[in-house]
Amino acid sequence: MHPLKNTANENSVSWTRTLAVGSLLGLIGLSLAWELVLAPLRPGSVILALKALPLCIPLVGLLKNRMYTYRWVSLMVWLYFTEGVVRAYSDAAPSRWYALAEALLCVVLFAACALHVRLRFKHAKAAAAAAAI
């Protein structure tokens, strides 16, 4: 295999990993800021900010580059996407924009995770084929 191709493969996988971690951190930050400071559903209530806790669990797996974590995050993120779409439709103006941002971050996270898994499988398959030759 050509060394430049291998570097390009590593860069594309690294890029999807960075995008996944960044969008997950953005989703955590948005969830906390939205429910605690920017537009809380009930002022003084922190109960809805707890929705950010399940997002913290996969952060370690993404940082350690565990394939299994990328797979299940791409499924879990649809719960947050659903919340974003529902609240974008039902909430008033300031909260509506945060809900749309949440939905957008969820789509980016899903795409990054799905692409990351796909590229890693593709590169592993190519490496196995090159090793067999």
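Trainee: In which helix is Leu27 found?

Mentor: Helices here are DSSP runs of H or I with at least four residues, numbered from the N terminus. Leu27 is found in helix 1, residues 3-38. Bear in mind that this is a predicted model, where local features need pLDDT of at least 70, side-chain atom pairs count only at pLDDT 80 or more, and totals for chains, interfaces and linings use all residues. Residues are numbered from 1 along each chain as its sequence is written, and side-chain values use heavy atoms, with hydrogens and water left out.

Trainee: Is Leu27 buried or exposed?

Mentor: Buried means under 20% relative accessible area, exposed over 50%, and partly exposed in between, with a 1.4 Å probe and protein chains only. Leu27 is buried because its relative accessible area is 0%. Leu32, also placed in helix 1, is partly exposed at 35%.

Trainee: Which residues is Leu27 in contact with, leaving aside neighbours within four places in sequence?

Mentor: Contact means heavy atoms within 4.5 Å. Leu27 is in contact with Leu55, Val77, Glu102, Leu105, Cys106 and Leu109.

Trainee: How many residues has helix 4, and what span is expected?

Mentor: The expected span is 1.5 Å times one less than the number of residues. Helix 4 (residues 93-132) has 40 residues and reaches 59 Å from its first C-alpha to its last, close to the 58 Å expected.

Trainee: What follows helix 2?

Mentor: Asn65 follows helix 2, and its phi is positive, near 65°.

Note on methods. Helix = DSSP H or I, 4+ residues; strand = E, 2+ residues; numbered from the N terminus.
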